[in-house]
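My notes follow the structure.

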Amino acid sequence: MNHDLDSIRNASFPAESYEIESFVTEINFQDNELRDIQSKESCGRSVRVIADGRLGVARGGHNASHTDLLNRAAAIARFGRDAGFAFPAGPAEPITDSHGDPALTVDAMLELGNRFMGDLTAALPGWKFLIMLNHERARKHLVNSRGLDWTFHTGDFGYHILGTLARDGDIIEIHEARARFPDASRYESVIRSIREHATACLTPARIDGGSYPVLLHPCALGSFLESLDEGIDARNIFDGVSPLRDRIGERVMDERVSIWDDPVEPSMPGFSPRSDEGVAAIRKPLVQNGILRNYLANLEYAARLNLQDGSNGFRSISAGSSLPGADSHISGTNRMIDSGRVPFEDMLRDMKHGIVLIQSWDAWSGNLINGDISGSLHLGFLVKNGRLAGRLKDMRLSGNIYDLLGKQLVDLSIECPDTIHSDQRAPWMMVRDVTIC
Amino acid sequence: MFEEIDRILSRYRHRVDHFEVRAETIRTVQFAMSDGEVRALDDSEEAGFSIRCCHKGGWGFVSLNRPEHLDSMAERCIDIARRLGRDRTVLAPIEPVEARVEVALIEDPRHVTLQEKIDLFRSYTDRSKTVSDRIRSVKGRYIEVWREIGFLNSDGTRLHISKLDLGGSLTPHARQDDLTQFLTVTTGSSNDFGVIRTMGSRIEATSRRTVDLIDAPKVRAGRYPVIADPVLGGIFAHEAFGHMSEADEYQTNPDMKDIFVLGKRFGTDDLSIYDTGLDVGSRGYLPFDDEGTPGRRTDLIRNGILVGRLHSRESAARFNETPTGSARTTAYRFPPICRMRNTCIDQGTASFDELLDGIELGVYAIDSHGGTGGEMFSFDAGYGYMIRNGRLAEMVRDVRLSGNLFKTLNDIDKVGSDFRIVDDAGGCGKGAQYPLETTCSSPHLRMQGIVVGGA
């Protein structure tokens with residue numbers, strides 16, 4: 001029992017403590033060689049209070065006392081905004097949840113990295129590989145003055161592989177990543193994917209700027225959906241800048257499109273039985289059969305917009321810090337997009353002259369709130385008569401996410417392949433009349 | 001702070017080829033604001049340590065924020081390095097240095113109360129909203145980060161560095177029917193709160209332009225000659241070329257080294273690019289990097305020829321070149337890696353009229369919504385104007401520029417004479433290390449055949 005936390009439990013105004021303790025191991029290979037191992041431990045806490053109706057926050061490291069943080073948060077609350085919400089009540093007993101593998105060893109990670117490196121360099125001589133493996137064992141502990149005491153133990157593993165081939169002044173890059181330790185079949189599928197893409201990249205192709213059908217791999221689709229994330233964020237709804245404001249119940253996409261936020265799918269990294277504000281997680285439709293059903297909200301914006309669900313409040317840790325974020329931010333968990341009825345092979349076979357886009361990395365900037373997207377063809381292929389006919393380069397795709405998922409949608413595939421976006425399950429998507437330049 | 005890391009250095013330095021230890025305290029004051037309402041208000045302090053060591057070429061790195069774990073983590077770091085080391089430690093030598101570096105403050109933000117800072121941003125919000133009722137929302141952000149860093153290494157370097165990084169931004173959002181547009185007034189500094197006070201002089205004009213963007217058409221997608229303003233020119237220098245100058249990216253890849261061999265022509269005679277840590281007051285000011293190497297100006301391209309790159313001590317040794325003071329970390333949680341400071345396209349000779357001259361149909365791209373680098377770079381302009389028959393014509397929106405680095409450097413055919421240092425409130429990302437304070441500076445540039453994404 002941490003008696004210091006009693007200052008939170010027994011505070012004379014609504015109060016909450018969020019603490020995260022983390023142990024990270026990173027193993028990095030560069031240019032086909034093991035380069036370094038990094039070991040990081042950190043502990044930070046954040047206290048939020050609602051004093052005289054206003055929200056105050058104070059953060060500190062492991063040695064910052066809750067009493068001190070409570071007093072600092074209360075002092076700063078006079079500058080804060082009207083809270084308008086209450087911290088959730090908890091049951092009489094503390095709750096403990098866990099997810100993932102907290103016990104993964106450095107030796108197991110090293111063995112996987114060495115195996116990847118051995119197989120990839122054997123399959124693709126001349127290529128240089130960067131492999132990063134990361135395991136984080138963490139403990140989140142949330143306590144509030146309404147009796148909630150929730151501990152969540154996690155063990156998250158992920159890896160990222162970047163293959164580079166430099167030849168004739170040209171640089172070719174292939175990325176793969178997953179957020180789970182691979183079993184035999186997933187290991188083989190990642191090796192196969194890298195090998196196939198790397199081989200296909202060796203044949204360059206050209207295409208004139210214009211309007212083309214595009215078969216979007218779920219990885220590229222995931223990058224473009226950042227724009228939708230902005231549109232359904234309750235802060236942008238409240239501020240009146242999202243095109244989805246006041247459109248719950250309206251058709252915003254093609255009727256074949258259903259998108260879910262699913263924090264309770266245990267096989268995916270976005271799993272969390274509660275939000276970081278302690279709200280029980282639920283699977284909910286964002287768009288169902290093309291109809292807008294829900295926004296993503298935390299407790300505060302659920303109250304402001306009078307929404308039933310406020311279970312998407314999370315506390316990120318910025319890269320350079322050990323402290324939880326100063327405020328609850330709104331974030332999706334696992335994104336699930338319902339599959340369609342057409343096999344991928346049929347979609348590809350029926351494409352006479354178009355593009356398959358596997359990856360687009362730079363679609364995060366620009367006017368996302370508006371739904372506008374623009375991404376490079378980072379890994380994209382020309383298709384002629386149903387066959388890949390070479391890699392396209394130095395070109396961009398432009399459009400609007402609501403049009404791509406609306407009037408430009410042709411088909412969704414039956415298959416939902418694994419992608420770099422491990423917190424997403426989605427089909428291939430065929431879209432028409434896409435601007436390429 | 002120094003006592004603890006002194007003890008750790010003394011105790012462990014002889015067990016590996018190279019040993020360094022860092023202690024850091026970080027004090028952050030920040031708030032976000034939406035339509036005058038304060039959000040995400042924070043006044044926090046944290047402290048942490050990192051240890052990095054190298055033995056026979058094997059690197060270990062640990063970070064922690066419990067001082068009582070310093071010894072056990074030092075042991076772990078040494079174990080890692082000794083386990084991985086199989087060859088020899090490769091580090092370019094630098095002269096050990098003992099120094100105490102203070103911030104040369106112009107206006108100290110600690111002398112400005114939180115209430116005054118908030119009121120300042122509220123007044124900017126009010127001024128923006130009076131421009132038009134199409135301004136639906138104004139979002140602001142203020143951040144002030146103070147760092148005290150102690151750094152010791154086994155070569156004898158002892159540094160105590162105080163740093164300030166502050167930034168502010170204000171983003172009016174205009175909306176009409178289903179269309180939202182926004183532009184940002186942004187600034188940053190490493191020594192002067194006064195830059196926040198001057199934001200007000202730009203807010204009304206920026207708000208008016210945001211409203212005008214609602215009626216502006218999308219730029220028609222295609223390839224155009226493009227004139228980039230100093231903001232975008234700086235982003236180009238940073239995103240397109242600067243990241244490719246970070247030598248640790250290819251220090252052990254001979255094929256990449258062949259592409260970036262010094263003496264090779266990468267651009268036209270008019271093009272010179274450098275990176276410097278010497279501009280006092282800019283966010284990229286860096287008198288010593290995070291390995292203790294003194295800051296300097298590093299020429300990267302001189303008159304179109306590749307003449308340098310950004311080095312850590314390890315990358316410098318691997319290229320048989322000199323450390324450039326470019327090894328940086330966002331904080332104690334990460335090891336230093338090769339990063340930019342203030343990346344500049346050097347002053348040219350062309351007037352703005354000379355840049356326009358000869359363009360039949362082109363785009364004048366202004367301001368930035370961000371971008372990404374690499375061989376295939378892209379960045380988003382805030383807005384633009386079409387250029388028709390050598391004159392500025394209608395305003396356009398959704399101006400996104402992309403291209404191939406090697407081709408585009410050769411397609412810069414004129415460089416303006418209006419060089420400007422540009423500090424904003426954003427940050428640079430590389431791997432997991434984001435945001436790092438950098439500066440991007442440039443005059444106006446003219447580039448031929450740039451891919452512009454739009455309608």
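**Chain A against chain B**

I started with the contact between the chains: 59 residues of chain A touch 66 residues of chain B. The model is a predicted one. I then asked which elements of chain A each supply at least two residues to that side. They are β2, β3 (54–61), β6 (149–167), β16 (372–376) and β19 (396–400). β2(A) gives the most, with 12 residues. By class, I find 18 nonpolar, 24 polar and 17 charged residues on the side of chain A that touches chain B.

β2(A) and β3(B) run parallel, joined by five bridges. In this pair, A:Gln38 stands opposite B:Phe61.

**Strands of chain A**

Next I followed β2(A) back into its own chain. This strand, residues 33–51, runs antiparallel to β1(A), residues 15–30, with 16 bridges joining them. A:Phe29 has A:Leu34 of β2(A) as its bridge partner. How many residues lie between the two strands of this hairpin? I find two, and A:Asp31 in the turn has a positive phi of about 50°.

β1(A) also pairs with β5(A), residues 128–144. These strands run antiparallel and share 14 bridges. Here A:Phe23 stands opposite A:Arg137.

**Domains of chain B**

I turned to chain B, which is divided into domain 1 (2–215) and domain 2 (222–453). Their C-alpha centres lie 22 Å apart. I find 40 residues of domain 1 in contact with 30 residues of domain 2. Several elements give two or more residues to the domain 1 side, including β1 (18–34), β2 (37–55) and α5 (200–215) of chain B. The largest share, six residues, comes from β6(B). By class, the domain 1 side has 17 nonpolar, 15 polar and eight charged residues.

**Nonpolar cores**

Last, I looked up the cores. The largest has 209 residues. Among those with the most contacts inside it are A:Val49, A:Ala73, A:Ile355, B:Val226 and B:Val452. Which strand gives the most to this core? It is β17 of chain B (residues 376–388), with eight residues. Apart from this core lies another, of eight residues, among them B:Ala247, B:Ala327, B:Met340 and B:Cys428.

I checked A:Ala73 on its own. Beyond its neighbours within four places in sequence, A:Ala73 is in contact with A:Val47, A:Arg48, A:Val49, A:Gly56, A:Val57 and A:Ala58.

Definitions and conventions. Residues are numbered from 1 along each chain as its sequence is written. Chains are lettered from A and ligands numbered from 1 in the order in which they are written. This is a predicted model: local features need pLDDT of at least 70, side-chain atom pairs count only at pLDDT 80 or more; totals for chains, interfaces and linings use all residues. A nonpolar core is a set of buried Ala, Val, Leu, Ile, Met, Phe, Trp, Tyr and Cys residues joined through C-beta atoms within 7 Å. A residue is buried if 20 or more other C-beta atoms lie within 10 Å of its own, exposed if 12 or fewer, and partly exposed in between; C-beta atoms are placed from the backbone. Helices (H or I, at least four residues) and strands (E, at least two) are DSSP runs, numbered from the N terminus. Two residues are in contact if their C-beta atoms, placed from the backbone, lie within 7 Å. Domain bounds come from an automatic or database domain assignment. Ala, Val, Leu, Ile, Met, Phe, Trp, Tyr, Cys and Pro count as nonpolar, Asp, Glu, Lys and Arg as charged, and the others, Gly among them, as polar. Two strands pair if DSSP finds at least two bridges between them.
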